[in-house]
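Here is a short briefing on one protein chain. Look at the sequence and the fold before reading the points below.

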Amino acid sequence: QLQLAESGGGLVQPGGSLRLSCAASGSTLDYYAIGWFRQAPGKAREGVSCISSSGSTITSADSVKGRFTISIDNAKNTVDLQMNSLRPEDTSVYYCGAISKCSTGAVGGTWNYYVLDVWGKGTLVTGSS
């Protein structure tokens, strides 16, 4: 059974960078699309970016386009999220989750229809100012 674990969160100044990693175990990512999501204090969870199992399809939310880059390493069974030009409003707990398909809907307002209910425990990213 697929299990996911995030790492790489921390405190970062505005304009800084962080690289988050989502490590899969129990199954291979060859069979799953993966999404990165985030939830700020007092706010609903939202989609950030997703990638298909082959890496051929990538979709990102408008709020992170040009700043965040998602990638998959099938040999290592990991999905990374490179976050550049971080802003205070990027402060959130970041989760990776298995999804049925990487598409605009999977990172938009209907993301909950795509999740397969396999989540990591999250990693906190705090943007200081």
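Buried means under 20% relative accessible area, exposed means over 50%, and partly exposed lies in between (1.4 Å probe, protein chains only). This is a predicted model, in which local features need pLDDT of at least 70, side-chain atom pairs count only at pLDDT 80 or more, and totals for chains, interfaces and linings use all residues. Residues are numbered from 1 along each chain as its sequence is written, and side-chain values use heavy atoms, with hydrogens and water left out.

- Glu6 is found in strand 1 (residues 3–7); strands (E, at least two residues) and helices (H or I, at least four) are DSSP runs, numbered from the N terminus.
- A salt bridge is a side-chain nitrogen of Lys or Arg within 4 Å of a carboxyl oxygen of Asp or Glu. Lys and Arg count as positive, Asp and Glu as negative, while His and the chain ends are not counted.
- Glu6 is buried but has no salt bridge, and the nearest side chain of opposite charge, Arg45, is 7.3 Å away.
- A polar contact is a pair of N or O atoms within 3.5 Å; within protein, one must be able to donate a hydrogen and the other to accept it, and residues adjacent in sequence count only if both atoms are side-chain atoms.
- The side chain of Glu6 has a polar atom 2.8 Å from the backbone nitrogen of Gly122, and this side chain also reaches the backbone nitrogen of Gly120 at 3.5 Å.
- Leaving aside neighbours within four places in sequence, Glu6 is in contact (heavy atoms within 4.5 Å) with residues including Cys22, Trp36, Tyr95 and Cys96.

**Disulfides**

- A disulfide is a covalent bond between the sulfur atoms of two cysteines. Here a disulfide is counted when the two sulfur atoms are within 2.5 Å.
- The structure holds 2 disulfides, and with the bonded cysteines numbered in sequence order the pairing is 1-3, 2-4.
- Cys22 and Cys96 form a disulfide with their sulfur atoms 2.2 Å apart. This pair links distant parts of the chain, with Cys22 in strand 3 and Cys96 in strand 9 (residues 92–99), 74 residues apart.
- The link of Cys22 and Cys96 is right-handed, with 75 degrees about the S-S bond.
- Cys22 is buried, with a relative accessible area of 1%, and Cys96 is buried at 0%.
- Cys50 and Cys102 form a disulfide, with 2.2 Å between their sulfur atoms. Cys50 lies in strand 5 (residues 46–51) and Cys102 in the loop between strand 9 and strand 10 (115–119), so the pair ties together parts that are 52 residues apart in sequence.
- The torsion about the S-S bond of Cys50 and Cys102 is about 80 degrees, so this disulfide is right-handed.

**Nonpolar cores**

- A nonpolar core is a set of buried Ala, Val, Leu, Ile, Met, Phe, Trp, Tyr and Cys residues joined through side-chain atoms within 4.5 Å.
- The largest nonpolar core has 25 residues, and those with the most contacts inside it include Leu4, Trp36 and Phe68. Strand 3 gives the most to this core, with 4 residues.

**A buried loop residue: Leu29**

- Leu29 is found in the loop between strand 3 (18–25) and strand 4 (33–39), and Leu29 counts as buried at 0% relative accessibility.
- The C-alpha atoms of Leu29 and Asn74 are separated by 6.4 Å, although these residues are 45 residues apart along the chain.
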